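Please open the model in your viewer and keep the selection tool at hand. The tour goes from one selection to the next, and each stop says what to look for there.

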Amino acid sequence: MYTAKTIRSWNFDTPDLEASVKFWCNLLGAEERTRHQVRGVDVVRLNLGGFGVGLFDGSAGENEGVPHHTIGIDGPDDPEELKAEIEAKGIEVVQFRPHREGQNGYSLYVTDPAGNRIELSVGEG
């Protein structure tokens, strides 16, 4: 049985990326960590008291699979074992991703009943 360890990041679409960065930095002292792209979408990652906030550029409309929320879990080394456990509960695993080179672990993605994409991350990542 896998268990949640932490929420690694909570992510938002925003129609004005720079205004949202300014909001979080001014409101709660968030610090900008990185800027990159996920599936062709610009993303700003913020550190908010040790918690990750991801701001996804939603100015062009919705993008499939982004944003998503990441939960770190204790899970088996074998992703197929975790996938089988999740699917035995009637929940479809919609994507698998090994973590980047140099990082241990993997992520499985599911969609909750409200349509939120949830990343279940095992190991570093």
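Is Asp74 buried, partly exposed or exposed? With a relative accessibility of 40%, Asp74 counts as partly exposed, where buried means under 20% relative accessible area, exposed means over 50%, and partly exposed is what lies in between (1.4 Å probe, protein chains only).

Before you go on, note that this is a predicted model, in which local features need pLDDT of at least 70 and side-chain atom pairs count only at pLDDT 80 or more, while totals for chains, interfaces and linings use all residues. Residues are numbered from 1 along each chain as its sequence is written, and side-chain values use heavy atoms, with hydrogens and water left out.

**The sheet**

Select the strands next; helices (H or I, at least four residues) and strands (E, at least two) are DSSP runs, numbered from the N terminus. Eight strands form an open sheet with mixed pairing, in the order S2-S3-S4-S1-S5-S8-S7-S6, and two strands are said to pair if DSSP finds at least two bridges between them. At the edges you will find strand S2 (31-38) and S6, each of which pairs on one side only. On average, neighbouring strands of this sheet are turned by 25° against each other, direction ignored; such angles run from 0 to 180 degrees between N-to-C directions, and the axes are lines fitted to C-alpha atoms, for helices over the stretch in contact.

Now select strand S4 (residues 51-57), which is mostly covered, since six of its seven residues are buried. S4 pairs with S1 in the parallel sense over six bridges, and Phe12 has Leu55 in S4 as its bridge partner. Strand S3 (residues 41-48) is joined to S4 by six bridges as well, but these two strands run antiparallel, and here Val44 has Leu55 as its bridge partner in S4. In the hairpin of S3 and S4, two residues lie between the strands, and Gly49 takes a positive phi near 60°.

Moving along the sheet, select S1 and S5, which pair in the antiparallel sense over five bridges; the bridge partner of Ile7 in S5 is Ile71. S5 then pairs with S8 in the parallel sense, over five bridges, with His69 standing opposite Ile118 in S8. Strand S7 (residues 105-111) runs antiparallel to S8 and is joined to S8 by seven bridges, and Tyr106 stands opposite Val122 in S8.

**The helices**

**The cores**

In soluble globular proteins, nonpolar side chains tend to be buried together. A nonpolar core is a set of buried Ala, Val, Leu, Ile, Met, Phe, Trp, Tyr and Cys residues joined through side-chain atoms within 4.5 Å. For the largest one, select its 11 residues: Tyr2, Ile73, Leu82, Ile86, Val93, Tyr106, Leu108, Val110, Ile118, Leu120 and Val122. H2, S7 and S8 each supply at least two residues of this core. Apart from this core lies another, of nine residues, among them Trp24, Ala30, Leu46 and Leu48.

**The salt bridges**

Finally, show the charged side chains, where a salt bridge is a side-chain nitrogen of Lys or Arg within 4 Å of a carboxyl oxygen of Asp or Glu. By this rule the model has four salt bridges. Select Lys5 and Asp74, whose closest N and O atoms are 3.9 Å apart; this pair links distant parts of the chain, with Lys5 in strand S1 (residues 3-14) and Asp74 in strand S5 (residues 69-74), 69 residues apart. Lys5 is partly exposed, at 48% relative accessibility.

Next select Arg97 and Glu119, a salt bridge with its closest N and O atoms 2.8 Å apart. Arg97 lies in strand S6 (residues 95-98) and Glu119 in strand S8 (residues 117-123), so the pair ties together parts that are 22 residues apart in sequence. Arg97 is partly exposed, with a relative accessible area of 26%, whereas Glu119 is buried, at 5%.

As a last stop, select Glu18, Glu32 and Arg35, which salt bridges with shared partners join into one network.
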